Amino acid sequence: MKAVVYQGPRDVRVIDVPDARIEKSTDVLVRITTTNICGSDLHMYDGRTEVEAGQVLGHENLGEVIEVGEAVDRVKVGDLVCLPFNVSCGFCENCERGLTGFCLTVNPGKAGGAYGYAGMGPYRGGQAELLRVPYGDFNCLVLPEGAREQQNDYVMLSDIFPTGYHATELAGVQPGESVVIYGAGPVGLLAAHSAFLRGASRVFVVDTHKDRLAIAEKLGAIAIDDTGQDGADQVVEQTGGGADRGCECVGYQCFHGEGHEVPNLTMNNLVTAVRATGSIGVVGVFMPKDPGGADALARKGQIAFDIGQFFTKGQRMGTGQCNVKAYNRHLCRLIEAGKARPSVIVSHELPLAQAAEGYRHFDAREEGWTKVVLKPGG
């Protein structure tokens, strides 16, 4: 089968690899029809993780079931399914608590597994023609009738729509509240969309990319251009002391207005931009260590955090990757009902063969490259 394979920093290629296949009786085999390039993939693409050459990338996947293992009961051949990026068993202690992003079974010695990602287990990704799905009955979200014509909406249920929603959940967004979101990338934009779904009265999106801020405005948010590094002050001024809630949707590869990497920038700006006793949800990726870190702390997975101001303001914080299954069924219903349209962020739809081009442009944050969708059948 054809697949997007990591070769080294800024080098991915579409090459032939052995076909994915049923390996256990609980597996499902999916023919991928839509798969995305995620901002998290760029951490690996840039050489900022310990991913090894030969890894098939891709954790935002949707496709048609073409084969099921003997022990699979619910999922049927022909079903169109979306796969949470979390690979999870469904029966460990964390999965039973709904914390499927921290499954204790699928990645021995660590909490959590994922498709095609550094340190997240032996699972190949879905930027490919075929994908093996472990524990298929648990991990497949069977999509409703009509989803075949809206795949660019439904594929967002694999990661970034639930992750954006997770940011608002961690922050504790309530109806009528104001929310500040750092990052107008795909997750930040869908965090803004999610904040409005939860009843937020005002949503501020802070970034330096004007094309992405324009999409935030289309979603109804107030765009804050942080090129002058005064975004937090703008939010404080417009809210009379700070937003009620904040969401960090950038992570450890954060750049200020002049293009220099400053790993602690968004976290400390959020402490400033959120009011006293407010809360912050962090879904931007922070790695345990970063071989390409901008400073000695960053290389150890640490940042200089404004703990004094955070403590003095009595703020709270929730962190961690999204437990996709906690949200994807409900968000699926919002798409089906026409209440949510996460595909608004899609800027480019490419055949799988052009994946390297998509990675190159998306990684460069070129104007207009907001979200890249790949079509293995195209």
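A: Happy to: we'll go through some helix pairs, then a cavity and a pocket. Keep in mind that this is a predicted model.

Q: Let's start with helices. At what angle do H8 and H9 pack?
A: The angle is about 20 degrees, and the two axes are 8 Å apart. H8 covers residues 231-239, while H9 covers residues 265-273.

Q: What does that angle make H8 relative to H9?
A: Angles under 35 degrees count as roughly parallel, so H8 is roughly parallel to H9.

Q: Which way does H8 cross H9, left-handed or right-handed?
A: H8 passes H9 in a right-handed crossing.

Q: And which residues make the contact?
A: On H8, look for Ala 232, Val 235 and Val 236. Their partners on H9 are Asn 269, Thr 272 and Ala 273. Sorted by type, the contact has four nonpolar residues, two polar ones and no charged ones.

Q: Nice. Now on to H5: how does this helix sit against H6?
A: H5 and H6 (residues 186-197) pack at about 60 degrees, and their axes are 7 Å apart. The two helices are therefore oblique to each other. Their crossing is right-handed.

Q: Which residues of H5 and H6 are in contact?
A: H5 contributes Ile 160, Phe 161, Thr 163, Gly 164, Tyr 165, Ala 167 and Thr 168. From H6 come Pro 186, Val 187, Leu 190, Ala 191, His 193, Ser 194, Ala 195 and Leu 197. That contact divides into 10 nonpolar and five polar residues, with no charged ones.

Q: How about H5 and H12, at what angle do they cross?
A: H5 (residues 160-171) and H12 (residues 328-336) cross at roughly 110 degrees, and their axes come within 10 Å. Since 65 to 115 degrees counts as roughly perpendicular, H5 and H12 are roughly perpendicular to each other.

Q: Who touches whom there?
A: Phe 161, Pro 162 and Tyr 165 of H5 meet Asn 328, Leu 331 and Ile 335 of H12. Five of these residues are nonpolar, one is polar and none is charged.

Q: Switching topic: how many cavities of 30 Å³ or more turn up in the whole structure?
A: The search finds one. The largest cavity has a volume of about 80 Å³.

Q: What lines the largest cavity?
A: Its lining is Tyr 252, Pro 263, Phe 286, Met 287, Asp 290, Ala 298, Gly 301, Gln 302 and Ile 303. By type, the lining has six nonpolar residues, two polar and one charged.

Q: Last topic, pockets. What volume does the second largest pocket have?
A: The second largest pocket has a volume of about 290 Å³.

Q: How many residues line the second largest pocket, and which lie nearest its centre?
A: There are 19 in the lining, and Glu 23, Pro 122, Tyr 123, Arg 132 and Pro 134 lie nearest the centre. The lining of this pocket splits into nine nonpolar, three polar and seven charged residues.

Notes: Residues are numbered from 1 along each chain as its sequence is written. This is a predicted model: local features need pLDDT of at least 70, side-chain atom pairs count only at pLDDT 80 or more; totals for chains, interfaces and linings use all residues. Side-chain values use heavy atoms; hydrogens and water are left out. Axes are lines fitted to C-alpha atoms, for helices over the stretch in contact, and angles run from 0 to 180 degrees between N-to-C directions. Helices (H or I, at least four residues) and strands (E, at least two) are DSSP runs, numbered from the N terminus. Angles under 35 degrees count as roughly parallel, over 145 as roughly antiparallel, 65 to 115 as roughly perpendicular and the rest as oblique. A crossing is left-handed if the near helix is turned anticlockwise from the far one by less than a right angle, and right-handed if clockwise. Contact means heavy atoms within 4.5 Å. Ala, Val, Leu, Ile, Met, Phe, Trp, Tyr, Cys and Pro count as nonpolar, Asp, Glu, Lys and Arg as charged, and the others, Gly among them, as polar. On a 1 Å grid over the protein atoms alone, a cavity is a set of points where a 1.4 Å probe fits but cannot get out, and a pocket is an open set with protein on both sides within 12 Å along at least five of seven lines; lining residues have an atom within 4 Å of a point. Grid points are joined across faces, edges and corners, and a volume is the space filled by probe spheres set on the points.
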